[in-house]
Amino acid sequence: MQIFLNSYGIYLHIKDDMFEIRVPVKDSEPTKTHIAAHKVTSFVMTTSAALSTDAIRLALKNNIDIIFTHANWHPMGRVWHSKLRNLQNPAILLRMVNRRKL
């Protein structure tokens, strides 16, 4: 699931090893939504959103891309895990190491 965070003041952080998205509501308590990390493929954030370093860590741990955009949705940058998803399979990683030794 791709999640778009584009409301002014929206905040992505971690609670109980899950992502919590906090959306401010005028004259009321913020709305909170919890999402398990294994259900998310990427976050797309506009310039009016914020996130915690713990949310970045959990996203990287679960190979979740974080894409930063301008308010008009033109991309500015992204954060993703330094290893490809398939490399987490030990058999594939072992074959790559063995090829380098040749």
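Trainee: How do β5 and β7 pair, parallel or antiparallel?
Mentor: They pair in the parallel sense, over 4 bridges. Strands pair here if DSSP finds at least two bridges between them. Strands themselves are DSSP E runs of at least two residues, and helices are H or I runs of at least four, numbered from the N terminus.

Trainee: Before I go on, what kind of model is this?
Mentor: This is a predicted model: local features need pLDDT of at least 70, side-chain atom pairs count only at pLDDT 80 or more, and totals for chains, interfaces and linings use all residues. Residues are numbered from 1 along each chain as its sequence is written, and side-chain values use heavy atoms, with hydrogens and water left out.

Trainee: Back to the sheet. What is its strand order?
Mentor: β1-β5-β7-β8, an open sheet of 4 strands with mixed pairing. β1 (2-5) and β8 are the edges; each has a single partner strand, so one side of each has no neighbour in the sheet. From one strand to the next, the twist averages 20°. Angles run from 0 to 180 degrees between N-to-C directions, with axes as lines fitted to C-alpha atoms, for helices over the stretch in contact.

Trainee: And which sense for β1 and β5?
Mentor: Parallel, over 4 bridges. β5 covers residues 42-45. Isoleucine 3 stands opposite phenylalanine 43 in β5, and leucine 5 stands opposite methionine 45. On the β7 side, phenylalanine 43 has isoleucine 66 as its bridge partner.

Trainee: Which way do the β5 residues point?
Mentor: Ser42 and Val44 go one way, Phe43 and Met45 the other. All of them are buried. Buried means under 20% relative accessible area, exposed over 50%, partly exposed in between, with a 1.4 Å probe and protein chains only.

Trainee: How many salt bridges are there?
Mentor: The count comes to 1. The rule is a side-chain nitrogen of Lys or Arg within 4 Å of a carboxyl oxygen of Asp or Glu. Aspartate 65 and arginine 78 form the pair, at 3.0 Å, N to O. Aspartate 65 is in β7 (residues 65-69) and arginine 78 in β8, so the bridge ties together parts 13 residues apart in sequence.

Trainee: Where does arginine 78 stand on accessibility?
Mentor: Partly exposed, with a relative accessible area of 43%.

Trainee: What about proline 75, buried or exposed?
Mentor: Exposed, because its relative accessibility is 61%. Proline 75 sits in β8, residues 75-79. Beyond its neighbours within four places in sequence, proline 75 contacts Phe68, Thr69 and His70. Contact means heavy atoms within 4.5 Å. Proline 75 and threonine 46 are 29 residues apart in sequence, and 9.0 Å apart C-alpha to C-alpha.

Trainee: New topic. What is the order in the β3 sheet?
Mentor: β4-β3-β2-β6, an open sheet of 4 strands, again with mixed pairing. β4 (31-35) and β6 (50-51) stand at the edges with a single partner strand each, so one side of each is left without a neighbour in the sheet. β3 and β4 pair in the antiparallel sense over 5 bridges. There, threonine 31 in β4 is the bridge partner of valine 23.

Trainee: Which strands does helix α1 lie across?
Mentor: β2 (11-15), β3 and β6. Helix α1 spans residues 53-61 and runs at about 70° to β2.

Trainee: What are its polar contacts, then?
Mentor: The glutamate 20 side chain has one of 2.5 Å with the histidine 13 side chain. Another, of 2.7 Å, joins glutamate 20 to the side chain of histidine 34. A polar contact is a pair of N or O atoms within 3.5 Å; within protein, one must be able to donate a hydrogen and the other to accept it, and residues adjacent in sequence count only if both atoms are side-chain atoms.

Trainee: And the whole chain: how many helices and strands?
Mentor: 2 helices and 8 strands. Along the sequence the pattern is β-β-β-β-β-β-α-β-β-α. Of the 102 residues, 29% count as buried.
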